[in-house]
Amino acid sequence: MNDAVQASRQDAAAESQGPDGNRRGVRTRHAIDRAATDLFFRLGYHATSMRAIGDAAQVRSAAIYHWYPNKEALLIHLQNEFMRELTKAVESAADRHTHPVFRLAAAVREHVVFHGLHQQEAFVTDSEIRALAPGPRDALVARRDAYQQYFVNLISAGRDRGLLRPTDVHVATYAVLLQCTGVSAWFKASGRMTIAEVADHHVDLVLGSLHADRGLIGAAAAAVRPD
């Protein structure tokens with residue numbers, strides 16, 4: 001390695017870590033992640049260069065390589081983080097309840113809110129799966145399948161108690177997730193409803209589509225609504 005290349009890499013590492021250590025490094029990584037998400041959302045993965053990400057994050061492109069060996073690794077990180085945070089939020093919301101219909105209502109509500117608050121991240125995770133190589137693509141599909149199975153289990157638990165009456169649990173799950181995920185494509189913070197109000201409507205729509213008793217729907221919606 002010649003002196004110029006070595007110096008460039010040392011400078012990039014210093015820019016990523018900063019004089020105050022990991023704290024500045026974490027801020028730099030977050031800036032890179034935010035810039036990449038925005039550019040992948042607006043321009044697409046293939047049309048976005050590492051240099052453009054560096055410019056948007058206000059770091060030299062060489063600094064990005066301190067965190068990510070290539071652009072695909074950055075995309076994989078963003079997609080995995082979205083799925084990890086989504087799963088954590090939804091499972092945490094459901095676990096606050098023991099009644100099977102309340103658990104489903106809480107999961108639906110959190111799924112909608114999360115997608116409404118992370119619209120760009122949702123788009124990049126769903127749309128840019130096509131940009132991944134087969135191995136990473138299969139890994140992301142597996143994570144999505146596991147998340148989908150979580151909703152299959154929630155709906156099945158309500159059906160087994162005679163509280164929900166789906167004609168087919170798997171078809172119901174596909175419909176519920178497609179409907180609730182779609183919020184990320186159309187919700188506008190400046191619109192006539194808040195994301196909390198949109199989530200309330202989705203709880204009613206989902207439980208109604210599964211033929212829950214109207215009184216139970218109202219009780220579940222009230223139980224999972226934040227104070």
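Arg-109 counts as buried at 7% relative accessibility, where buried means under 20% relative accessible area, exposed over 50% and partly exposed in between, computed with a 1.4 Å probe on protein chains only. The model is a predicted one, in which local features need a pLDDT of at least 70, side-chain atom pairs count only at pLDDT 80 or more, and totals for chains, interfaces and linings use all residues. Residues are numbered from 1 along each chain as its sequence is written, and side-chain values use heavy atoms, with hydrogens and water left out.

The mean pLDDT of the chain is 91, and 89% of its residues reach 70 or more; pLDDT is the predictor's confidence in each residue, from 0 to 100. Over residues 1-21 the pLDDT is below 50, and this stretch has 28 contacts in the model beyond near neighbours in sequence. Contact means heavy atoms within 4.5 Å. Of the contacts in the chain with a separation of 6 or more, 68% are between residues 24 or more positions apart. The chain has twelve helices and zero strands, helices (H or I, at least four residues) and strands (E, at least two) being DSSP runs numbered from the N terminus. Buried residues make up 43% of the 227 residues in the chain.

Arg-109 lies in helix H6. Not counting residues up to four places away in sequence, Arg-109 touches Ala-196, Ala-199, Asp-200, Val-203, Val-224, Arg-225 and Pro-226. With Asp-200, Arg-109 forms a salt bridge in which the closest N and O atoms are 3.1 Å apart; a salt bridge is a side-chain nitrogen of Lys or Arg within 4 Å of a carboxyl oxygen of Asp or Glu. This pair links distant parts of the chain, with Arg-109 in helix H6 (residues 100-117) and Asp-200 in helix H11 (residues 195-209), 91 residues apart. Asp-200 counts as partly exposed at 21% relative accessibility.

The structure holds nine salt bridges. In another of these, the side chains of Asp-95 and Arg-103 meet at 3.2 Å, N to O. Asp-95 is exposed, with a relative accessible area of 52%. Arg-84 and Glu-85 form a salt bridge with their closest N and O atoms 2.5 Å apart. Arg-84 is partly exposed at 37% relative accessibility, and Glu-85 is partly exposed with a relative accessible area of 28%. Glu-81, Arg-84 and Glu-85 are linked in a network of salt bridges.

Lys-71, in helix H5 (residues 71-94), is buried yet has no salt bridge. The nearest side chain of opposite charge to Lys-71 is Glu-128, at 8.7 Å; Lys and Arg count as positive and Asp and Glu as negative, while His and the chain ends are not counted. Leaving aside neighbours within four places in sequence, Lys-71 is in contact with Phe-40, Tyr-45, His-46, Thr-48 and Met-50.

Met-50 is also one of the buried residues of helix H3 (residues 50-57), together with Ile-53, Gly-54 and Ala-57. Seen down the axis of H3, these buried residues fall within an arc of 100°, so they line one face of the helix; the arc is that of the directions from the helix axis to the C-beta atoms. An α-helix has 3.6 residues a turn, so residues three or four places apart point the same way. The exposed residues Arg-51 and Asp-55 are carried on the face of H3 turned away from its buried side.

The structure holds five aromatic pairs. Rings of Phe, Tyr and Trp (its six-membered ring) pair if their centres lie within 6.5 Å, and planes under 30 degrees apart count as stacked, over 60 as edge-to-face and the rest as tilted. The pair of Phe-41 and Phe-123 is edge-to-face, because the ring centres are 5.3 Å apart and the planes lie at 85°. Phe-41 is in helix H2 (residues 22-43) and Phe-123 in helix H7 (residues 119-127), so the pair ties together parts that are 82 residues apart in sequence. Phe-41 counts as partly exposed at 34% relative accessibility, and Phe-123 counts as partly exposed at 35%. Elsewhere, ring pairs link Tyr-147, Tyr-150 and Phe-151 into a cluster.
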